[in-house]
Amino acid sequence: MTNDALSPRPLDPPSAGERAAQILALADPARLRLMSVLATDPEGQYTLPGLARALGVPEEDASADVRALIDAGLLTSQPSASEPTFTPTADAWIRFGRVLAGTVAESTGSANTLTTATGAAISLPPVIQKIADRLAYRFSSNFSRETVQKYVADSYELLRERAHVTRHLPSLTSRFATDRLGALAAAHGLELNATPEVLFVCVQNAGRSQIAAGILRQLAGNRVHVRTAGSQPASAIDETVVEILDEIGVPVGADFPKPLTDEVVQAADIIITMGCGDACPVYPGRRYLDWPVEDPIGQPLEIARQIRDDIQGRVEGLLRSVGLHPFPSGPDSGATAR
């Protein structure tokens, strides 16, 4: 069934004018280089003097280009302790991400040593290196081998240290890194689709967020992409949560608690937090909701069921708010866990 609210449509005159202004702003080589510096170093915190140094231009020239890009809706400033820093807007990533981002040089590290996304060099088991090699091939059209290796190493460390995963660590690393690289590609405009991306975040990613995600997948099928994360992820999904979802025919499937990472937030259109405070970073162009839902973990079964039903009502309301009607039960082609 076609969802008119999400189907592509021709540009109206104001939208066409806005995008033409953005294209005109990027047609200047100096501005294009400035945006490319920011797009290829998403972790960088560039102030105006820092941008001028990176580009090798006078600060007044960089200032004029920054103002033009902000006016075109391609750049936004973020407050910091000293001077404002600059980052591409959601429009810049979505509309021009492929133009701005190039490839990175290949890694020259040793066979069993990888560098994490935070820059730490760690020795990894051979099986994790094999995962990095396989994903480097899979994502070769979007990312360099070095970038993929960093995300694999970082995912391995996050699961091993932060989430305290002890079982099936290699397979979970593969799935976690795959999901993060997919989110990174979506956030940078390298893979475009009209399907809404929803991210549920709670503390342990073992209760509320898993209930919400499971129910949304069941009610929306492949019309919505669903991800989950936790600010302090547990080692496994709570058994009571598995039980109360099974009671209503919602499978947990192969999902597992995952740490909250920056790229899954950037990839999301709708971000729903449940009791995790301000752990979730805020990016422009996203819809943020906070659901004050009680934690079902450790609760009697009857209370946990009430929490489940509360979450289901909220999920149904969320679907209606984006112009979708809930399926009475999950279709065979339902969305997969992310």
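Q: Which residues of H12 meet Thr240, Glu243, Ile244 and Glu247 of H10 in this predicted model?
A: The model is predicted. H10 covers residues 239-247 and H12 covers residues 301-321. On the H10 side the contact is made by Thr240, Glu243, Ile244 and Glu247, and the H12 residues they meet are Leu301, Ala304, Arg305 and Arg308.

Q: How many residues of the contact of H10 with H12 are charged?
A: Three residues of this contact are nonpolar and one is polar. The charged residues number four.

Q: At what angle do H10 and H12 pack?
A: The crossing of the two helices is right-handed. Their axes lie 10 Å apart, and the packing angle is about 60°.

Q: Why are the buried residues of H6 on the same side of the helix?
A: The buried residues of H6 are Ile128, Gln129, Ile131, Ala132, Leu135 and Ala136. They are on the same side of H6 because they cover an arc of only 155° around the axis.

Q: Is Asn205 buried or exposed, and what is its relative accessible area?
A: Asn205 sits in the loop between strand S5 (197-202) and helix H9 (208-220). Although Asn205 is not a glycine, its phi is positive, at about 55°. Buried means under 20% relative accessible area. Asn205 is therefore buried, with a relative accessible area of 0%.

Technical notes:
Residues are numbered from 1 along each chain as its sequence is written. This is a predicted model: local features need pLDDT of at least 70, side-chain atom pairs count only at pLDDT 80 or more; totals for chains, interfaces and linings use all residues. Side-chain values use heavy atoms; hydrogens and water are left out. Buried means under 20% relative accessible area, exposed over 50%, partly exposed in between (1.4 Å probe, protein chains only). Helices (H or I, at least four residues) and strands (E, at least two) are DSSP runs, numbered from the N terminus. The arc is that of the directions from the helix axis to the C-beta atoms. Axes are lines fitted to C-alpha atoms, for helices over the stretch in contact, and angles run from 0 to 180 degrees between N-to-C directions. A crossing is left-handed if the near helix is turned anticlockwise from the far one by less than a right angle, and right-handed if clockwise. Contact means heavy atoms within 4.5 Å. Ala, Val, Leu, Ile, Met, Phe, Trp, Tyr, Cys and Pro count as nonpolar, Asp, Glu, Lys and Arg as charged, and the others, Gly among them, as polar.
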